[in-house]
Amino acid sequence: MDYDTYREQLLARLPEPELAFPVAEYESRLAAVRRAMAERGLDLLMVTDPAELCYLTGYTTFEVSVQCALLVSAQECVLFVPAIEIGPAVYLSRVDAVIGYAWESPRSVAAQLAAEIVRLTAGPAPRIAVARWSGSLRPGLLEALETQLDGARFMDTGELLDRIRVVKSPAEMAFLAESAAITGAGLDAAGRAVGEGVIDHEIARAGADAMLGGGSEFMSMQPIVAAGFRSGIIHTSHAGYRIARGDVVFTEFGAVRRRYTAPMMRTAVVAPVADEVRVFHEVCLAVLEAVMEAARSGAPVAGAARAGAEALAPIADRAFFSGVYGYPVGLQFPPSWVAGSTFIAEDSDAVFADDMVFHLPICLRRPGAFGVGVSETVRITADGARAITANDRRLQIHD
């Protein structure tokens, strides 16, 4: 059976896709995108990021390494996927057409895309929006399209969807709340596993078991557990380290509901607790509270970062901090739950708006010694950031 026949038989058995949201939600999102396209004078939008594909159509897959592309015109949405992805594309997406190409020959999709772009635009020099900085857009594909579509202008408009997605609907907030509850259960279970002599992966397993048992889908990032001196090195995780007395155990989890993630960080210590660990934790709390207070709709994003920097100042010369006080979260796929580029940082020119959602990852590290972190996933309101998660922000001490 070839993949066209496979598609047709699936369509016959499954005439309506299974979607996470009502059809009206997807229609509202597409309408917002099309308004933004019209304002910029764009003829077509080509989307390749898995989260953006899901946001606009519902298309969901665990195989996010292959090249997929959605063409959005003023009237149509056409989804191109490799043959192995035709099943989820038919079963889980709302589009006007699903077109397959040979999985083993990814270059073949360029000619098919070019022909469809000509059909959808029907103009001599179409303006086509792409996200040139997206890791999901293969440079070879864009080069081939530019060669085959002489006269087409590919405009870098990666922020177009970013600015729409960062504001969440009530239905999206509901899935984030579900994720937050499951994430919290995972952190609680992981905390119960902390103790002298425990190996770090046993803590990760306890958290993963609780989250998967609580209904989490496959996670955009797997549970992060960094213990002892390893917790003082950013982006390390469990690797067979056995916990000793006095060790810090840093955990960061993010359960998934319908691809929505509300992450949390928490820190535990096996007693005795070093004085410097307590100081770092107190500063973490102060930074988190300062950012949440300043992150109000209508306020500059950079202002919240400056408020965080002021709270961090007492130990800024001793602690490594990433420089980002928050990043967007929501709908996302591996390898990350970061869902956009509106970072809460001092060089940002963005402005907060109601119902933006951010994870505030306040983690301070004494390089190669220990790391302390506490975070919340928050919703922006006129009165400041309000936590969607319900983190126990205390330093968790185990005798």
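According to an unreviewed UniProt entry, the annotation "domain: Peptidase M24" covers residues 176-382. What you're looking at is a predicted model. Over residues 176-382 the chain is 31% helix and 22% strand, and the end C-alpha atoms of that stretch sit 20 Å apart.

Now for a helix pair. The axes of α10 and α11 come within 8 Å of each other and cross at roughly 155°. Angles over 145 degrees count as roughly antiparallel, so α10 is roughly antiparallel to α11. As for handedness, α10 passes α11 in a right-handed crossing.

Here's who takes part in that contact:

| Helix | Span | Residues in the contact |
|---|---|---|
| α10 | residues 275-294 | Val 283, Ala 286, Val 287, Ala 290, Val 291, Ala 294 |
| α11 | residues 301-312 | Gly 303, Ala 304, Ala 307, Gly 308, Ala 311, Leu 312 |

What sort of residues make up the contact of α10 with α11? They divide into 10 nonpolar and 2 polar, with no charged ones. Gly counts as polar here, and Gly 303 and Gly 308 of α11 are both in the contact.

Elsewhere, have a look at Ser 93, which lies in the loop between α4 (86-92) and β4 (97-101). Is Ser 93 buried or exposed? Its relative accessible area is 6%, so Ser 93 is buried. Leaving aside residues up to four places away in sequence, Ser 93 touches Pro 17, Leu 19, Thr 57, Gly 58, Tyr 59, Leu 79, Pro 88 and Val 98. One of these, Pro 88, falls within the span of α4 (86-92), while Val 98 belongs to β4 (97-101).

Note on methods
Residues are numbered from 1 along each chain as its sequence is written. This is a predicted model: local features need pLDDT of at least 70, side-chain atom pairs count only at pLDDT 80 or more; totals for chains, interfaces and linings use all residues. Side-chain values use heavy atoms; hydrogens and water are left out. Axes are lines fitted to C-alpha atoms, for helices over the stretch in contact, and angles run from 0 to 180 degrees between N-to-C directions. Helices (H or I, at least four residues) and strands (E, at least two) are DSSP runs, numbered from the N terminus. Angles under 35 degrees count as roughly parallel, over 145 as roughly antiparallel, 65 to 115 as roughly perpendicular and the rest as oblique. A crossing is left-handed if the near helix is turned anticlockwise from the far one by less than a right angle, and right-handed if clockwise. Contact means heavy atoms within 4.5 Å. UniProt positions are given in the numbering used here, feature names are shortened, and annotations may be inferred rather than shown by experiment. Buried means under 20% relative accessible area, exposed over 50%, partly exposed in between (1.4 Å probe, protein chains only).
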